[in-house]
Amino acid sequence: SLSLELSVNTSGTEIRYTTNGGDPDSGSDLYTTTISIGEPTLIKARAFKDGMFTSPVFTGSYIIADHDLPVVCITTPPGNLWDGETGIYTPGDHANEGSRIANYWNNWERPAHIELYEPDGDASFSIDAGIKIFGWGSRANGRRSMAVMIREKYGVEELEYPLFPDSEISQYKSFVLRNAGQDWQSSLIRDPLIIELARDLDVERQLFRYCVVYLNGEYWGVYEYREKVDDLDFTEEYYD
């Protein structure tokens, strides 16, 4: 367990925070003393002072767990996922899944905060980005794939981090968190196995790493994060 202390340099300022992924407002919990954390916890905090603009939102995921895989934490206001009209992860209020009518069949993008921690616990990056539900038939799985879109409107034009140790590329404008497709309730390894078998062939292949995903502080299972090959950035990086 750990104790989390929040501070701000401006005097006369109050800090308010949330633990559900929502952005703090003037009605959120008031920070008065250290926060005791004994289980995976998500904190979003913001400073408020009369007569001043509110501060940017600070986002931190505190994972009290042992993982041998990289950990990806996704944080977004709950309505972006679960609202019946606008949530991208839920079937929605007007779903007819037999006719492939559901919120998650739409190409909707929602803002989110993405963090990556390597297996040694080191924080590798922490950025604002967009998320979309990804794939086709696998969108109806209980655990859905998501595409992470790095765009200038979220604060950075591209992610500068070596996502894949075997690659010389260290700049990305997108990547995919894949749910293993039709293999999601079975082995989770069939598609990555084929990719590995093609390692020494003269064909392009989609790099991947297994990871653990936390969604708004909740354990969401084992995914693969992968290169996103269905956009021009992939071709540009490899073939100039």
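Leaving aside its neighbours within four places in sequence, which residues is Thr75 in contact with? They are Gly21, Leu42, Lys44, Thr59, Ser61, Ala112, His113, Glu115 and Asn216. The model is a predicted one.

**Thr75 and strand E7**
- Thr75 belongs to strand E7, which covers residues 71–75.
- The relative accessible area of Thr75 is 2%, and buried means under 20%, so Thr75 counts as buried.
- Strand E7 pairs with strand E8 (residues 109–117) in the antiparallel sense, over five bridges.
- Within this part of the structure, Val72 stands opposite Leu116 in E8.

- Strands of a sheet pair through backbone hydrogen bonds, and the pairing can be parallel or antiparallel.
- Here, seven strands close into a barrel, in the order E7-E8-E9-E10-E13-E15-E14, with mixed pairing.
- On average, neighbouring strands of this sheet are turned by 40° against each other, direction ignored.

**Leu2 and strand E1**
- Leu2 is part of strand E1, made up of residues 2–4.
- Leu2 has a relative accessibility of 31%; this falls between the cut-offs of 20% and 50%, so Leu2 is classed as partly exposed.
- Apart from neighbours within four places in sequence, Leu2 is in contact with Ile35, Ser36, Ile37 and Ile64.
- Leu2 and Gly38 are 36 residues apart along the chain, and their C-alpha atoms are separated by 6.6 Å.

Terms used. Residues numbered from 1 in each chain as written. Predicted model: local features only at pLDDT ≥ 70, side-chain atom pairs only at ≥ 80, totals over all residues. Heavy atoms only, no water. Helix = DSSP H or I, 4+ residues; strand = E, 2+ residues; numbered from the N terminus. Buried < 20%, exposed > 50% of the residue type's maximum accessible area, 1.4 Å probe, protein only. Contact = heavy atoms within 4.5 Å. Pairing = 2+ DSSP bridges. Axes fitted to C-alpha atoms, helices over the stretch in contact; angles between N-to-C directions.
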